[in-house]
Amino acid sequence: MKVKDRLVVVGNGMAGTACIEQILKYSPRFEITVFGDETHVNYNRILLSSVLAGEKASDEIVLNSLDWYRQNDIRLRLGVRVVDVDAATKTVTGDDGSVTSFDKLLIATGSTPLIPPMEGSQKKGVYVFRTLDDTRALLDCSRNGARAVVIGGGLLGLEAARGLQVQGCDVTVVHLMDRLMERQLDLAGGSHLKAKIECLGVKVLLEKDTVAILGEEKATGVRFRDGSELDADFVVIAAGIRPNTELARKAGLAVNRGILVNDHMETSNAEIFAVGECVEHKGICYGLVAPLLEQGKVLAATITGNKGPTYEGSVPAAKLKIMGMDVFSAGDFREETFGNDVVRYEDPALGIYKKLTLRDNKLVGVILVGDAADSHRYMDWLQEKADLSEHRRQLLFPAPGADKGLDVAEMSDNKVICGCHGVSKSSIVRAIRDRGLSTLSQLKECTRASTGCGSCTELCQHLLKAVAPQFEEEEKKALCQCVPHSEQQLREMVRSQRLRSVQQVLDIYGNGVGCEHCKPALSYMMDMVWCGGHVEDRSARFVNDRVHANIQRDGTFSVVPRIRGGVTSPGELRRIADVAEKYKVKMVKITGSQRIDLLGVRKSDLPKIWADLGMPSGQAYSKGVRMVKTCVGTDFCRFGVQDSIATGVELERRFENLFTPHKFKMAVVGCPRNCAEATVKDIGLVGQEGSWQVVVGGAAGKRVRKADVLVTVESTEQALQSAALFFQYYRENANYLERSYDFVERLGIERVRRETIYAPLAVQQGLRDRLRKSKAGSRDAWLEGDEPRTPTQFVQIHPMENLQ
Amino acid sequence: MSSGESGKKWLRVADERSFPIREGRTVEIGSKHLAIFNLGNELVAVQNRCPHRGGPLAEGILSGNMIVCPLHAWKFDLQTGISVNCPKSGACLKVFETRVEDGIVCVEVPTGVEDEETTPIACDSPDRPLRWVARKPIAAASSPQSP
């Protein structure tokens, strides 16, 4: 039996490991040893910014687990840095003193952060952003309010800045050039990006040359060439990368900026190979993942004796990974090059900027800011050098009525869809067909496509749609044209990006303006997601929630005091009567829900009426918790078997003053005769001999729907707890203006049960905790009568001088 | 009250701070009611009464340069006064000039605002107007002059 060749791989990063995966596909002829100076298995370096932004945990970005190395008989030497190579004796020496022989050597040492010359860059509190350990160090020092200075306004610097800002830091990006991402963007694109970044709350300083890091031992600030200074608690340097070529030099390889390789990925030594960020091919060192994977494929063929495929260079392309901020750039976008045609589209209000550069009817460069949905199409045109004479009128927008699925149909089979994992169209199509996949999550699990940076998610969905007839599209109805994302997505964005005001959401994810549909919806979302800890913006609320009364057709308001459970007293009634007379209320009405309604009140009288009533708001004007309707129950009724009044009052106390996606009505009845109509309420408690039935999703409005039974429980406390679980679940998951009956029908009562009363205890506890937190932060809206939010909240302004 | 350069009469109304950002306030001038909105970069004043069914526009939600009536969601361009959702109804708000002098909001003295009951406007669209209507370009709007 032939002894296997020994292959030593120096570097345990994405390029080297991806190349090993390709080598394994060819043959098992190698005994492989991998050295990695980091102590982690191979992870997705592109996603470090997501780890920093708290969108992913560090174990979620692992690409190859220890099991993978074991299963493939790869000897993994983690935490060992290779310090020497001897090409003559064919050995490598580790910093632990070990000497390892090889038959073939693969250098995949990547690159290190470039530290521009400046005084004091060795001080404590100066960081780089390259590895998982760097990320952890940054997370450790990014406490709330810490001042961070990020030197470098390229891709990496911006992603680091955004991550730190999400962690609560006060971040300033300092950039040497006159625009952000100058290697990818022109001036206009850079200024659109700058505006967006500043909207997020990250400060940007351009044309600032940092000459020194200030501070004794630890960084306390930076000084610029113009003499100005900026305070900082820590500094991150993200000013570019430098290929690691020392080993290659020691091995005597031809090295320029990077290790020189030819189209077969061979170096100047037939036994030594190189791949990744450390190599230079036709004068270019690539720092992005897709070209490195292409190189790995070619190299795998060459090194296993299947020499044939060639690497002919890649079109440089870059995509900024900041949630909701689309920036894409590829190719050569310079206008000044003779013979280049430029096609441009710009909408400053929406923050959209697109620029295509063409030469001889072929696309040579593209810049997309604010909307990068078409990046795949442009990338194809670039790579295939497609003749666009026929498309000249539809370059920026697809021809009207163009089939959405056409893009994927036109793609060649070997086209890589997922650049992060190198998954081609044909392997996705095969997986869908052979394994009968029908959802995106199945596809992700099966092929790993779209689990990387996520930029190919849409393409994967198109492929699923085209290939799998039973494809289920996940619900993605946009909230509004002003903010074209589903409410589910928006809730996630708001949470992960820590957005606390409606205007922030509109500025970052929308048109910056909003309308009467999305503003109240976003107001609700803010309050719900942050359990009341948001920045309340009354201008985004409907008038009823600005003045805490219900506007009537003549512009007057109605006042409904809270009478919990519909139980009042002669004293209270007398007060209501007095108030009605004093303010000449136009009508006093007992409503269908056991409320007393005072109609025809002027806005300026509202605070006085509330004070005179001395009762809390009944919230009859709000998308919120209304009063609980009750029957007489065991207190007086001959038939009552449960204490509906006490239970109803308690239910009301637990939920009152809270906002809900739509109005929320409840009732409690003491026996199945159902006198207070609990079975057509959003939540109803129906008393039975020895138990309560908790029913949800009932309706007696535009449509009539009998509520579904959520659960039957013995004790009153259990009934209230079950109601609370459903209440908070509805608050968190329903779309705005979706009544509980539509919500329950949309999800199905089985799913509602599974995710509330039958949910794991930790999930139940989470729902309860958030409800408790929201409740603790809520208060009677009518207290604003004494402490208005603005001096003119309830007043009509009279001019300070008279009309003559 | 002072006379402006163009012969317009200006009335000092109230401190700027009386007008919170992106909200409206009703101002009573004699028998007339104006709605003054703070758009962030400027203040605009229009008649308060919605031509459709008389709703108080000052209580509406702003959508950029448009105001949405709180009663039936009729939408008006605050620069031109023109109804956005039902332009062919001819419904149009009277627009008044504003300016800020030493932190005091001043408004062009209104003349001829109909404050009597407005006749309800008939329009093909129901009470709730079309949701998405392309916005008209703003014709060189009269912006407030600073003194």
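This is a predicted model: local features need pLDDT of at least 70, side-chain atom pairs count only at pLDDT 80 or more; totals for chains, interfaces and linings use all residues.
- Chain A has 804 residues, and 55% of them are buried.
- Its secondary structure amounts to 24 helices and 38 strands.
- For contacts in chain A between residues at least 6 apart in sequence, 61% link residues at least 24 apart.
- Chain A has an accessible surface of about 35,300 Å², with 49% of that area belonging to carbon and sulfur atoms.
- Chain B has zero helices and 11 strands, so its pattern along the sequence reads β-β-β-β-β-β-β-β-β-β-β.
- Of the 147 residues in chain B, 53% count as buried.
- In chain B, 51% of the contacts with a separation of 6 or more are between residues 24 or more positions apart.

**Nonpolar cores**

- The largest nonpolar core holds 66 residues, and the members that touch the most others are L164(A), L193(A) and V483(A).
- Helix α16 of chain A (residues 518-529) gives this core its largest share, eight residues.
- Setting aside residues up to four places away in sequence, L193(A) touches L158(A), L180(A), M181(A), L185(A), L320(A), M325(A), V327(A) and V369(A).
- There is also a second, separate core of 45 residues, with I23(A), V41(A), L106(A) and V275(A) among them.

**Helix α21 and its partners in chain A**

- Helix α21 (residues 716-733) packs against helix α22 (residues 740-747) at an angle of about 85°, and the two axes are 11 Å apart.
- That angle makes α21(A) roughly perpendicular to α22(A), because values from 65 to 115 degrees fall in that class.
- On the α21(A) side, the contact is formed by F726(A), Y729(A), Y730(A) and N733(A); on the α22(A) side, by S740(A), F743(A), V744(A), R746(A) and L747(A).
- By class, the residues of the contact between α21(A) and α22(A) are six nonpolar, two polar and one charged.
- Helix α21(A) also packs with helix α24 (residues 761-777) of chain A, at an angle of about 80° and with axes 9 Å apart.
- These two helices, α21(A) and α24(A), are therefore roughly perpendicular as well.
- Here α21(A) contributes Q721(A), A724(A), L725(A), F727(A), Q728(A), Y729(A), R731(A) and E732(A), while α24(A) contributes Q764(A), L767(A), R768(A), R770(A), L771(A) and S774(A).
- The contact of α21(A) with α24(A) divides into six nonpolar, four polar and four charged residues.

**A mostly covered helix**

- Helix α15 of chain A (residues 502-509) is mostly covered, with six of its eight residues buried.
- Those buried residues are V502(A), Q503(A), V505(A), L506(A), I508(A) and Y509(A).
- Their cover includes α6 (187-199), α14 (487-496) and α16 of chain A.

**Individual residues to look up**

- Leaving aside neighbours within four places in sequence, K124(A) is in contact with E217(A), K218(A) and A219(A).
- K124(A) and F234(A) are 110 residues apart along the chain, and 8.4 Å separates their C-alpha atoms.
- Over in chain B, N48(B) is in the loop between β5 (43-47) and β6 (61-63), and its 8% relative accessibility means that this asparagine counts as buried.
- Apart from neighbours within four places in sequence, N48(B) contacts T26(B), H33(B), L34(B), A35(B), G55(B), P56(B), L57(B) and A58(B).
- N48(B) and K94(B) are 46 residues apart in sequence, with a C-alpha to C-alpha distance of 9.2 Å.

How values were computed: Residues are numbered from 1 along each chain as its sequence is written. Chains are lettered from A and ligands numbered from 1 in the order in which they are written. Side-chain values use heavy atoms; hydrogens and water are left out. A nonpolar core is a set of buried Ala, Val, Leu, Ile, Met, Phe, Trp, Tyr and Cys residues joined through side-chain atoms within 4.5 Å. Buried means under 20% relative accessible area, exposed over 50%, partly exposed in between (1.4 Å probe, protein chains only). Helices (H or I, at least four residues) and strands (E, at least two) are DSSP runs, numbered from the N terminus. Contact means heavy atoms within 4.5 Å. Axes are lines fitted to C-alpha atoms, for helices over the stretch in contact, and angles run from 0 to 180 degrees between N-to-C directions. Angles under 35 degrees count as roughly parallel, over 145 as roughly antiparallel, 65 to 115 as roughly perpendicular and the rest as oblique. Ala, Val, Leu, Ile, Met, Phe, Trp, Tyr, Cys and Pro count as nonpolar, Asp, Glu, Lys and Arg as charged, and the others, Gly among them, as polar. Accessible areas come from the Shrake-Rupley method with a 1.4 Å probe; for residues, only the protein chains shown count as cover.
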